[in-house]
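This briefing is meant to be read with the sequence and the coordinates side by side. It takes up a loop residue, a helix and a surface patch in turn.

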Amino acid sequence: MFEPSPNLANRYKIDRIFEIAALVSTILGLVVLAVLLIDVFLDGLPRLSLHFLTSYPSRKPEQAGILSPLVGTIWLLGTTAAIAFPVGVGAGIFLEEFAADTLAAKIIEINIANLAGVPSIIYGLLGLEVFVRLMEPITKGRSILAGALTLALLILPIIIVSTREALRAIPNSLRMAGYALGATRWQVISEHILPLALPGILTGTILALSRAIGETAPLIAIGALTFIAYLPSLSLEGFQTPFTALPIQVYNWVSRPQTEFHTNAAAGIIVLMVVLLLMNATAIILRNKFQKAR
């Protein structure tokens, strides 16, 4: 009968210890997450109602609602996605498919990777100086457009990196086959490479927008309001109006001493998670649709 050597047996033991440690870490993370979710749902579910969803914030906790922060979050995310997605995908395509392997391209690549780890408050300070002050004639200061541009900067590195990785996963033989048939580089990319890489690109976009929806620090830095009793108009002027968002409203309620406001904050967290799940579900449906089309 074969008996493993002592070195091999020790390696098996180390592998087993690592497997158990990884399993324990996963279980602990899930338990902490479950406890937090249960606590939030127990506090917030009784407060959820149609009145809560259709009322404006108020100084009286029993009358406070979440209409303007909810609409502001939807406006903010939609505008952020409209700005960041085409710019990020275009930059990823250029860097991966068109840019030459030069020192400048390597420096840009390193900087993009580093920007993905920059604290969000830095983007908020940058947005305050550039989009709120320097571009004030266009953004009208502390507006939805300024907030969306700031969040777009925040998630652009993630979209660019995920786009490059999705393009890199496509076999190079497919490109060579297109060139052999006389197609131009853009025809090969737009008609063959990009449709195959689109599910991976959408996955990166989902993760990027999921980060953006919960950001509070950059919105506070650019001056998002904590109390708004009106909705932005459905026109171009709506992008230039002051705004608030669900993370800002939740932060404001949590900072107040009254227990009723903490209950409102728990209900706001639930609404924020529902918006996040709906957004992710929509993106996942689109991703699966493109995967089936392949």
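Lys-140 is located in the loop that runs between helix 6 and helix 7. The model is a predicted one, and the points below are grouped by topic.

**The loop residue**

- The phi angle of Lys-140 is near 65°, which is a positive value in a residue other than glycine.
- Most residues other than glycine have a negative phi.

**Helix 5**

- Helix 5 covers residues 120-134, and at 1.5 Å a residue its 15 residues should span 21 Å, which agrees with the 20 Å that separates its end C-alpha atoms.
- At Gly-127, helix 5 bends by about 35°, and Gly-127 is also among the buried residues of this helix.
- The buried residues of helix 5 pack against helix 4 (103-115), helix 6 (136-139), helix 7 (144-168), helix 9 (185-213) and helix 10 (217-222).
- An α-helix has 3.6 residues a turn, so residues three or four places apart point the same way.

**The nonpolar surface patch**

- A nonpolar patch on the surface is formed by Leu-30, Leu-33, Leu-37, Phe-41 and Leu-45, which together have about 430 Å² of accessible area.
- Phe-41, one of the patch residues, belongs to helix 1 (residues 6-44).
- With a relative accessible area of 32%, Phe-41 is partly exposed.

Methods:
Residues are numbered from 1 along each chain as its sequence is written. This is a predicted model: local features need pLDDT of at least 70, side-chain atom pairs count only at pLDDT 80 or more; totals for chains, interfaces and linings use all residues. Side-chain values use heavy atoms; hydrogens and water are left out. Helices (H or I, at least four residues) and strands (E, at least two) are DSSP runs, numbered from the N terminus. The expected span of a helix is 1.5 Å times one less than its number of residues. The bend at a residue is the angle between axes fitted to the seven residues ending there and the seven starting there. Buried means under 20% relative accessible area, exposed over 50%, partly exposed in between (1.4 Å probe, protein chains only). Contact means heavy atoms within 4.5 Å. Patches are made of residues with over 30% relative accessible area and no salt bridge: like charges are joined within 9 Å, nonpolar side chains (Val, Leu, Ile, Met, Phe, Trp, Tyr) within 5 Å. Accessible areas come from the Shrake-Rupley method with a 1.4 Å probe; for residues, only the protein chains shown count as cover. A salt bridge is a side-chain nitrogen of Lys or Arg within 4 Å of a carboxyl oxygen of Asp or Glu.
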